[in-house]
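Subject: Structure handover

Hello,

Here is the structure I promised to pass on. Please open it alongside these notes.

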Amino acid sequence: MSNVHVMDHPLIQHKVSLMRDKETGAKEFRELLNEISMLMAYEVTRDLPLKTVEIETPICRAQTKVISGKKLAIVPILRAGLGMVDGIMSLVPAAKVGHIGLYRDPNTLEPVEYYCKLPADAEEREILLVDPMLATGGSASAAIRFIKKRGCKNIKLVCLIAAPEGAARVQADHPDVDIFVAAMDEKLNDHGYIIPGLGDAGDRLFGTK
Ligand code: PRP
Ligand code: URA
């Protein structure tokens, strides 16, 4: 999978293991997702373009680099994607935030859109679409389709845990989208849950089960 990037830094692996543990409560789960999202943002933004500016240090004038070019928009897939926004924002505070509301129909496993609000200038921004879980890939693929319909071209998908099936589906549907994950797991079970995964990310984040 050429455009799938697995970020297996030891700190990320350690924190993902803590999140997988069923004994980890909602507060710690949220904190860990926040920390991992920040660590992932560091890597995901590695190719942001730079420009040279001139500034004055206390010692002399100097040519130095600042980020230029496209600005970022973070787009969480509701609900669980919300848990990744603050960690990324702590590194890129000027990013705008859009929201896409999708839920997975428990019978068909197909995504149903119930909300979409993007920044007015979204098509001029690089989009970081965020969702902790990439299972069948139906939600992420549909979200990318909706975002593209609104004119966005430059999209990266950032997930915590992926199943090979989901990554393959997004790659097939959207070969132009790079996918960043902290872990690539084994497979899906019969209910579309990732094995070993971490269970239902939305429920564990918000304590709804
Ligand atoms: C989860 C998860 C993804 C989706 C992944 O959300 O956060 O959005 O499932 O599954 P897929 O790759 O098979 O589409 P869910 O539908 O449970 O909604 P929630 O975030 O509101 O709990
Ligand atoms: N959604 C989740 O929250 N977890 C999974 O394992 C699959 C879909």
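In this predicted model, Val 158 stands opposite Phe 180 in strand E11. Two strands count as paired if DSSP finds at least two bridges between them. Strands (E, at least two residues) and helices (H or I, at least four) are DSSP runs, numbered from the N terminus.

Two conventions first. Residues are numbered from 1 along each chain as its sequence is written, while chains are lettered from A and ligands numbered from 1 in the order in which they are written. Local features need pLDDT of at least 70, side-chain atom pairs count only at pLDDT 80 or more, totals for chains, interfaces and linings use all residues, and side-chain values use heavy atoms, leaving out hydrogens and water.

Back to E11 (residues 178-184).

E10, helix H5 (residues 164-173) and E11 make a right-handed β-α-β unit. Right-handed here means that, with the strands pointing away from the viewer, the path from the first strand over the helix to the second runs clockwise.

H5 also packs with helix H4 (residues 138-149). Their axes, lines fitted to C-alpha atoms over the stretch in contact, come within 8 Å. They cross at roughly 25 degrees, on a scale from 0 to 180 degrees between N-to-C directions. That makes H4 roughly parallel to H5 (angles under 35 degrees). The contact (heavy atoms within 4.5 Å) involves Gly 138, Ala 140, Ser 141 and Ile 144 of H4. On H5 it involves Arg 169, Val 170 and Asp 173.

Next, another helix pair. The axes of H1 (residues 10-20) and H2 (residues 26-44) come within 10 Å and cross at roughly 155 degrees. That makes H1 roughly antiparallel to H2 (over 145 degrees). Residues of H1 including Leu 11 and Ile 12 meet residues of H2, among them Phe 29 and Leu 32.

Last, a hairpin. Strands E6 (residues 99-104) and E7 (residues 111-117) run antiparallel, joined by six bridges. His 99 has Lys 117 as its bridge partner in E7. Six residues lie between the two strands, and Leu 109 in the turn has a positive phi of about 65 degrees. E6 also pairs with strand E4 (residues 72-78), in the parallel sense over two bridges.

Best wishes

Terms used
Angles under 35 degrees count as roughly parallel, over 145 as roughly antiparallel, 65 to 115 as roughly perpendicular and the rest as oblique.
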